[in-house]
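Q: Hi! Could you walk me through this one?

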Amino acid sequence: MDLISFRDLDKGTVEKIFGIAEDIDRQLERKKVEKLEGIMATLFFEPSTRTKLSFQSSAERLGLQVVDFLADRSSLKKGESFTDTIRTVDGYCDVIAMRHPAEGAARLAAEVAEAPVLNGGDGANQHPTQTLLDLYTIRKLKGKIAGLNVHLVGDLKHARTMHSLVYGLGMFGAKVTMVAPKGLELEEHIIHEAEKKFNFKMESRDAIDLKDADVLYVCRVQEERFADKYEAAKVKKEFTISADYIRKGKKDLVIMHPLPKIDEIPPEVDAMPQAKYFEQARNGIPIRMACIKMLLEG
Amino acid sequence: MLKVDIIEHGTVVDHVQAGMGKKVLDILGIDEKSGNRVALVMNVPSQKMGKKDIVKVEGILISKEKTDAIALISPRATVDLIKDGKVVEKMQAELPESLHGVGKCPNPNCISTQEKAPGKFHLEGQKYRCGYCERTFKPVELL
């Protein structure tokens, strides 16, 4: 078994991963984690802080050894193909966690490797463990996902996490409200696929209004997406989540962000009880431990 | 109307969307080196289609799989297999549920494009989803 795309998962499998993660959370609290044997190879062909480190930390906490691949110091520089690299690394490890800028890279790796492959992001396509930890965070903090109103705010078009998140929110029966700058809306085919698959309707709004939001999921608006610098500055200001916005929302609002955040959430918000993005990042540990465990135990 | 010789043993692909006849030859793997006698008639008046192309190839009887691959560029195409001057089988091109090694993902950032891996696609409604980058495309975009 591999974990390549959230699209491959059914609700039962997601629930199973959550169950293992909850169990691991309890083990982590007791500082007594059931150990596994083996070696994980981390192959990150592009930069990553949270995903790579949390995969490595998860593997080590499970008792696995980690071997790391540094793309800029590898035989890729000599022109070795991607599939040859994967076949070689496959002989050195029991599980592979990887990120690659090309879409579908993890799928192709899974086809050529015998070891299970965990996708830590493939271009603009999928980032399934991020979606799992996002849903896990919502469920942990709110006790449920179904019926919650989740506001997705920012550049929804280019944020890889959004593509599978709307799919996951649909799977668990959440309501989705989208607020994106003009031209940076979530692509129609992604909305259509999730709505059709899970028989729900997502709402689009022109401006941020958090009165009815249970969860606010923010992603960065990148200046380089705009040709007009004035327009970029205007939109960035408009899509900055100020403390005033938060105060107008529900008291138990949960603010999430896949990180890194730059200036879309000012530092004053970090101290507010609604800000849960660092807790969300920490949940990468039990979720990724659960995924590694599930894949290694088959 | 242009007259083209009847064929004794081979394949006639009819109701090909006008302008797509050359692509049919590509799908069938026929080029100047193949040595087959080939007739490609373009922009033939058609009651159903307005204009259509017709392809006749002597010496090859094409499979249902190839017939269905033609549906990617011409969903109304029909195929007649000819033996001893008689039609022995008629086939209607239908979009295949899945494609392996037929078609190429048009997404330049798809790993199948970068690594020259054989394309794999599955049909969702009237579009194909790439088995690698997971994007969907119109059938004609794959060729």
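**Chatting through the model**

A: Here α6(A) is followed by A:Gly173, whose phi is positive, near 75°. Keep in mind that this is a predicted model.

Q: Switching to strands. Why is β1 of chain A described as largely enclosed?
A: Because 5 of the 6 residues of β1(A), residues 39–44, are buried, the strand is largely enclosed by the rest of the structure.

Q: Which strands is β1(A) joined to?
A: One is β2(A), residues 65–70: 6 bridges link the two, and they run parallel. In that pairing, A:Ile39 stands opposite A:Gln65. To get from β1(A) to β2(A), the chain passes through helix α2 (residues 50–61), making a right-handed β-α-β crossover.
A: Another is β3(A), residues 95–100, which also runs parallel to β1(A), with 5 bridges between them. There, A:Met40 is opposite A:Val95.

Q: Nice. What about the largest nonpolar core: which residues touch the most other members?
A: That core has 97 residues, and those touching the most other members are A:Ile96, A:Ala109, A:Val117, A:Val166, A:Val215, A:Leu216 and A:Ile255.

Q: Pick A:Ile255. What is it in contact with?
A: Setting aside neighbours within four places in sequence, A:Ile255 is in contact with A:Leu216, A:Val218, A:Ile246, A:Gln274, A:Ala275, A:Lys276 and A:Tyr277. There is also a second, separate core of 18 residues, including B:Val16, B:Ile54, B:Ala69 and B:Ala77.

Q: Last topic: how many residues does each chain bring to the contact between A and B?
A: Chain B brings 14 residues and chain A brings 15. On the chain B side, helix α3 (residues 111–114) gives the most, with 3 residues.

Q: And how do the residues on the side of chain B that touches chain A divide up?
A: They split into 6 nonpolar, 6 polar and 2 charged.

Key:
Residues numbered from 1 in each chain as written. Chains lettered and ligands numbered in written order. Predicted model: local features only at pLDDT ≥ 70, side-chain atom pairs only at ≥ 80, totals over all residues. Core = buried A, V, L, I, M, F, W, Y, C linked by C-beta atoms within 7 Å. Buried ≥ 20, exposed ≤ 12 C-beta atoms within 10 Å, placed from the backbone. Contact = placed C-beta atoms within 7 Å. Helix = DSSP H or I, 4+ residues; strand = E, 2+ residues; numbered from the N terminus. Pairing = 2+ DSSP bridges. Right-handed = clockwise from strand over helix to strand, strands pointing away. Nonpolar A, V, L, I, M, F, W, Y, C, P; charged D, E, K, R; others polar.
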